[in-house]
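Colleague: I would like a close look at one part of this model. Please keep the answer connected.

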Amino acid sequence: MLRHAIAPPSGWTKAPHTVVRSRRMNSDAKILLLYVQGLPDSATDHPLGELARKLDMKGRSYQQAKKQLTEHGYLHEWRSQGDGGRWMTEQLLSSTPLTRDEAGSVRAKLSPEGGQLERPEQPPCPRPPGAQSPTVGEPTT
């Protein structure tokens, strides 16, 4: 077999062989990973599902790709409850497989305190849970 390849000067993504040649991940998972890795920093503030929709990846195919990326250490998620009771999910997508501890270290370096990521401002909760009066009538003994 003969082959000829010229690397373009710009507009390309370098893909590790461990991703391209992996038989444990389907093509949707590989394409999603490579697509996100090739995005400029300004475009990575969207959730993974939203980025997958730009690739016309929906429903079950997205869920399977996300599951495979998580199982093989490329995707890590952290859910937390912020001020006002709102839930937030932080996602880390890496070009190399990371353990949970390694991903936690990377997350700590990229945390808002480090000035890398910005969390959107959330309006305060109007009333904290439990401080509201009953919906109907007055309290009884």
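Which residues does L32 touch, not counting those up to four places away in sequence?

Modeller: First, a caution: this is a predicted model. L32 touches L48, A52, L55, M57, Y62 and L69, leaving aside residues up to four places away in sequence.

Now the setting of L32. The largest nonpolar core holds 17 residues. L32 is among the members that touch the most others, together with L48, L69 and L93. Helix 2 gives the most, with four residues.

Next, the loop between helix 3 and helix 4. D56 sits there. The phi of D56 is positive, about 60 degrees, and D56 is not a glycine. Most residues other than glycine have a negative phi. D56 is exposed, because its relative accessible area is 63% and the cut-off for exposed is over 50%.

Finally, the whole protein. Five helices and two strands make up its secondary structure. From the N terminus, the order is α-α-α-α-β-β-α. Of the 141 residues, 24% are buried. Among contacts with a separation of 6 or more, 43% join residues 24 or more positions apart. The protein exposes about 11100 Å², and carbon and sulfur atoms supply 51% of that area.

Methods. Residues numbered from 1 in each chain as written. Predicted model: local features only at pLDDT ≥ 70, side-chain atom pairs only at ≥ 80, totals over all residues. Heavy atoms only, no water. Core = buried A, V, L, I, M, F, W, Y, C linked by side-chain atoms within 4.5 Å. Buried < 20%, exposed > 50% of the residue type's maximum accessible area, 1.4 Å probe, protein only. Contact = heavy atoms within 4.5 Å. Areas by Shrake-Rupley, 256 points an atom, 1.4 Å probe, with all protein chains shown as cover.
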